[in-house]
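Open the model in a viewer and keep the selection panel at hand.

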Amino acid sequence: MKKIFSHAEQVSEIEQLAAVYNEILAASDEYGKEKKKTRILFVGSEVLPFAATGGLGEVLGSLPKALAAREDLDVRVIMPFYGDISEEYRSSARYITNYNVGLAWRNLYCGLFELKKDGVIYYFIDNEYYFKRDGLYGFYDDGERYAFFCKAVMDSFYFTGFMPDIIHTNDWQTALIPVYNTCKYHYDLKTIFTIHNIEYQGMYDLSIMGDVFDLPPEAGSYVEYRGCINLMKGAIETANVVTTVSPTYAKELFDPMFAHGLEEIIRRNETKMTGILNGVDGYDPMDDPDIDAPFSAEDPSGKALDKQKLQELAGLTVNPKAPVLAIISRLVPHKGMDLITQAMENVLQHSNIQLVVLGKGERRYEDYFNWLQNQYQGRVASMITYNKGLSRKIYAGADLFLMPSASEPCGLSQMIACRYGTVPIVRKTGGLADSITDVTSEEKKGNGFVFENYSHEEMTDTIFRALSLYEETAQWADLVHTVMTEDFSWGHSAGVYAELYERMLS
Ligand code: GLC
């Protein structure tokens with residue numbers, strides 16, 4: 001029987017249909033938007049909060065997040081599933097699948113996991129033989145471990161369903177990715193290689209090019225350098241774009257003093273090179289469970305208590321008037337340790353300064369700081385360890401932060417010190433030159449003390465210059481306010497990366 005609809009029924013049906021139609025339209029609009037997003041895959045050997053040994057992990061923990069906040073980018077990150085990753089993250093990562101990765105004659109298990117966090121999808125490459133070890137690096141087979149990682153990444157797109165438009169690789173551990181794409185995979189995508197530190201290049205004996213790195217002989221023209229395999233050289237030659245972590249370091253890399261033998265390769269690839277300054281994320285003294293008293297640029301009064309607590313904890317004489325100088329660093333030559341060992345006694349003898357050192361590194365520097373602590377009891381604290389919580393207490397409690405690096409691709413500690421109102425004293429190199437301006441500068445408002453040459457006399461003069469300003473209470477308070485309000489967030493640099501991605505695809 002034919003159903004006769006009342007007028008009201010017909011209207012309601014039309015309304016329902018319209019509603020369904022609108023939903024479909026909206027969904028397809030969403031779909032259209034999703035599709036238009038540029039897909040970026042970051043590849044790194046360390047990423048915070050999962051596993052890190054230094055600045056690289058810090059940057060890979062914060063830059064992708066800042067980029068993912070943009071409408072036009074779909075940003076994902078892939079890293080090894082290290083045994084060092086905490087159980088909390090290991091157990092919340094979702095198993096996707098496993099597949100086999102061929103590396104020369106090897107046929108290797110590869111598990112794939114994923115975890116969503118702060119708008120970013122993180123993928124993890126699992127192979128317990130390669131990655132379930134104590135620590136991240138320093139094994140006899142690091143070359144093979146990261147060759148496996150790079151191949152596993154190149155093979156993962158089918159399983160993740162994420163075919164990147166751009167793969168953004170970082171440092172030597174990921175350098176084989178652009179090489180593999182050029183010599184083996186030929187995917188229709190672009191590659192970026194970012195140099196965080198040119199000192200570590202991934203150098204191996206030429207004889208293992210096929211057997212370990214699974215490269216055909218013709219790849220030699222990319223990866224061979226001065227009789228060795230040099231993975232970083234391979235990436236510089238094959239990536240579409242090469243970046244480094246500050247504009248000044250990008251210029252310095254043309255100079256043999258800084259390029260650790262790769263200057264010719266950098267020159268040859270000059271048109272690909274660009275420098276973008278890193279940012280920092282977090283580090284807010286208003287919201288830091290590791291420090292005793294919160295404080296801010298508007299109300300820095302809590303810093304005095306943090307200083308007192310630091311002096312107590314470090315075994316220094318508690319004295320609000322004594323300026324506390326902090327060094328938080330790997331204790332290695334390129335961080336300027338020789339300048340410090342040459343200058344420190346002079347500084348201690350001619351001022352009321354107190355010194356706190358946190359870090360590990362070469363034995364001779366560790367011994368030196370322990371010796372200095374013995375000589376200047378109550379004035380020097382030598383803490384030969386890595387400890388995040390302790391580092392935050394030092395950033396918060398100190399007045400001055402010393403970073404006299406011989407070279408510094410970017411450096412994050414000077415920016416973190418600023419966030420905690422601790423005024424940096426730096427040498428004018430790399431990212432230090434791009435982030436810190438001397439208080440005497442006429443072009444820009446100063447946010448620290450800067451010296452030019454790698455000389456302990458210049459460094460000493462600069463420390464004394466800082467100490468005399470420290471005596472001028474009002475001016476010092478003003479300087480602390482300036483450093484605390486300096487914008488070192490990722491906002492600007494993330495925009496520069498986004499523009500670069502756009503240019504690469506256009
Ligand atoms: C390396 C560099 C450091 C930089 C960091 C992040 O650790 O030595 O200067 O800040 O990478 O890019």
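A polar contact here is a pair of N or O atoms within 3.5 Å; within protein, one must be able to donate a hydrogen and the other to accept it, and residues adjacent in sequence count only if both atoms are side-chain atoms. This is a predicted model, in which local features need pLDDT of at least 70 and side-chain atom pairs count only at pLDDT 80 or more, while totals for chains, interfaces and linings use all residues. Residues are numbered from 1 along each chain as its sequence is written, and side-chain values use heavy atoms, with hydrogens and water left out.

Select the ligand and then Gly 411: one of its polar backbone atoms is 2.8 Å from a ligand oxygen. Next, pick Glu 408, where a polar side-chain atom lies 2.6 Å from an oxygen of the ligand. At Asn 278, an N or O atom of the side chain is 2.8 Å from a ligand oxygen.

Colour domain 1 (32-280 + 492-505) and domain 2 (302-488); the bounds come from an automatic or database domain assignment. Finally, select the domain contacts (heavy atoms within 4.5 Å): 18 residues of domain 1 meet 18 residues of domain 2. The domain centres, taken over C-alpha atoms, are 33 Å apart.
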